[in-house]
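Notebook open, structure loaded. I'm jotting down what I look up as I go.

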Amino acid sequence: MSTHFARDASPVRRRVLISGASFAGPALAFWLHRYGFAVTIVERAAALRSGGYPIDVRGTAIDVVERMGLLPGLRVAHIGSKRLTFIDGEGRALAEIGPEMMTGGRDVEVPRGVLTKMLVESTRDDVIYRFGTSIEHLVDRGEDVEVTFSDGGRESFDVVIGADGLHSNTRALVFGPESQFEYPIGFCFAGFLTPNTLGLSREAVCYNVPGRVAVLYAVGERPETVHAFLAFAHPRLSEQEARDHDRQRRLTAEAFADGGWKTAELVEAMLAADDFYFDTVQQIRMLSWSRGRVALVGDAAHAPSFLTGQGTSLALVGAYVLAGELASHADHTAAFAAYDRKLRPFVELNQARVDQGRATLIPVTQQQLEERNRSFADMTSSDMTSSDNTSGDMAPIDTADSAAAPTVDFRSALSLEDYDVTVTRS
Ligand SMILES: Cc1cc2nc3c(=O)[nH]c(=O)nc-3n(C[C@H](O)[C@H](O)[C@H](O)COP(=O)(O)OP(=O)(O)OC[C@H]3O[C@@H](n4cnc5c(N)ncnc54)[C@H](O)[C@@H]3O)c2cc1C
């Protein structure tokens with residue numbers, strides 16, 4: 001791999017505003033700075049959050065973090081989960097997924113706060129970060145975008161990028177209500193920390209009844225607390241349910257009222273949790289990720305849902321491609337078009353994985369649940385890996401448009417271009 005960068009030779013650097021400092025935002029800032037752009041990031045949260053539930057970096061996204069020089073640090077932080085065990089109502093193991101399938105090969109799994117911190121630290125000296133700030137209003141004036149911030153400040157930028165997640169503020173301001181783009185998967189989930197009463201170490205346990213799942217995820221050796229998730233079938237949240245946390249707690253409690261196993265204990269913990277969060281399981285599907293001088297990246301553009309396990313990787317890869325295309329084109333319209341054209345097949349391939357994730361994690365009928373348990377019980381870990389890698393929805397995709405790319409799996413189905421660019425002003 002060789003990547004050559006020609007720094008901005010012109011006296012005026014293109015100014016980019018990014019909304020959101022999680023994965024997509026700082027990764028985009030990293031590359032844009034390398035290409036000579038002047039980057040500002042606004043983040044609604046007052047500060048970085050540490051810890052958090054585990055996320056995966058896989059396939060092509062591993063190539064991205066390797067090019068950023070972050071892979072060795074991520075390897076050190078790799079959780080190395082040993083297994084995911086499906087259990088019955090008595091807590092007995094029914095089937096198990098081994099480490100190869102949880103994060104195989106070169107892939108890494110780290111607490112989300114670790115990756116965010118690494119991304120932000122790698123850009124902190126070169127990028128302006130403004131925590132506790134949001135975009136309140138923006139006007140695309142043709143030659144630039146005038147932005148009014150929540151702190152009352154006003155500034156103009158050449159382009160604005162929304163990297164502000166599933167419920168993107170930038171998307172709502174520029175493209176309209178989220179309801180136009182949401183693709184519901186039919187579930188809601190609650191997340192919270194709870195004491196590790198089972199003594200779990202670097203592993204997850206998963207208890208199902210049809211249409212519901214309780215997951216406990218232990219990060220590290222016998223941590224004091226584990227990440228708990230309670231997910232249940234619920235087609236769509238009403239507006240009130242989406243706003244009202246007490247209502248969300250009650251919905252979750254009702255869904256698990258007759259749940260079995262330790263769900264009564266978990267419901268008690270959920271009702272008392274001060275770190276409770278709740279959301280619908282949904283994807284974002286848009287026909288275009290840009291309008292005028294504003295574009296979206298990561299979950300804001302194309303959230304695949306956690307059932308695919310690919311949201312973080314798509315965010316990192318999308319950031320790499322968007323930065324490269326902005327740097328390669330003086331005209332932002334051409335850059336956004338190329339970004340869309342090159343990334344979209346990879347996104348769609350990964351979004352399509354949601355059905356497989358749903359069938360694995362939350363079978364909705366007793367028959368599907370039994371089939372899931374049987375199939376995992378029958379498989380050895382290595383069989384599982386190979387069957388996963390040869391499933392029907394793989395396709396070769398190459399950003400470089402090469403004619404005969406080898407067939408690769410969905411995680412690696414996009415080959416990174418080497419952006420060798422001289423930056424010019426739009
Ligand atoms: C429970 C759960 C488990 C998951 N597990 C996995 C997994 O195993 N593997 C995986 O790859 N993915 C997983 N995901 C998905 C993954 O977390 C997302 O796909 C990923 O975080 C998307 O990154 P992003 O940077 O696009 O957006 P986000 O990480 O959502 O970041 C958006 C950022 O924008 C900020 N923001 C929001 N609104 C504003 C505003 N108005 N102004 C300024 N800033 C704003 C937010 O504070 C946040 O920092 C999981 C998600 C959940 C909920």
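Helices and strands first: I take them as DSSP runs, H or I with at least four residues for helices and E with at least two for strands, numbered from the N terminus. Residue numbers start from 1 along each chain as its sequence is written. This is a predicted model, so I keep to its cut-offs: local features need pLDDT of at least 70 and side-chain atom pairs count only at pLDDT 80 or more, while totals for chains, interfaces and linings use all residues.

**Entry: Arg212**

I looked up Arg212 and found it in strand β15 (residues 212–218). Buried or exposed? Arg212 counts as buried because it has 21 C-beta neighbours inside 10 Å. The cut-offs I use: buried is 20 or more other C-beta atoms within 10 Å of a residue's own, exposed is 12 or fewer, partly exposed is in between, and C-beta atoms are placed from the backbone. For contacts I want two C-beta atoms, placed from the backbone, within 7 Å. Not counting residues up to four places away in sequence, Arg212 touches Ala231, Phe232, Ala255, Phe256 and Gly259. I also noted Val364, 152 residues from Arg212 in sequence but 7.5 Å away in space, C-alpha to C-alpha.

**Entry: Ala204**

Ala204 sits in strand β14. I count Ala204 as buried because 22 other C-beta atoms lie within 10 Å. With neighbours within four places in sequence left aside, its contacts are Ser81, Leu84, Val215, Leu216 and Tyr217. Ala204 and Lys82 are 122 residues apart in sequence, and their C-alpha atoms are 8.4 Å apart.

**Entry: positive phi**

I went through phi next. Most residues other than glycine have a negative phi. Arg202 has a phi near 40°, a positive value in a non-glycine residue. I found Arg202 in the loop between β13 (182–195) and β14 (203–209), and it counts as partly exposed because it has 19 C-beta neighbours inside 10 Å. Ser305 is not a glycine either, and its phi is positive at about 85°. Ser305 belongs to the loop between α10 (299–302) and α11; I call Ser305 buried because it has 25 C-beta neighbours inside 10 Å.

**Entry: the core**

Which residues touch the most other members of the largest nonpolar core? They are Leu28, Leu230, Val297, Leu316 and Ala319, out of 118 residues. A nonpolar core here is a set of buried Ala, Val, Leu, Ile, Met, Phe, Trp, Tyr and Cys residues joined through C-beta atoms within 7 Å. Helix α11 (residues 311–328) gives the most to this core, 11 residues. I checked Val297 too: leaving aside neighbours within four places in sequence, its contacts include Leu28, Ile161, Ala315 and Ala319.

**Entry: α1 against α11**

I then looked at helix α1 (residues 24–34), whose axis comes within 8 Å of that of α11, crossing at roughly 30°. Axes are lines fitted to C-alpha atoms, for helices over the stretch in contact, and angles run from 0 to 180 degrees between N-to-C directions. On the α1 side the contact includes Ala24, Leu28 and Trp31, and on the α11 side Ala315, Ala319 and Leu322 are among the residues.

**Entry: α5 and totals**

In helix α5 (residues 112–121) I list Val114, Leu115, Thr116, Leu119 and Val120 as buried. Their cover includes α1, β4 (54–57), α3 (71–77) and β7 (108–111). For the protein I noted 15 helices and 22 strands, with 45% of the 426 residues counted as buried.
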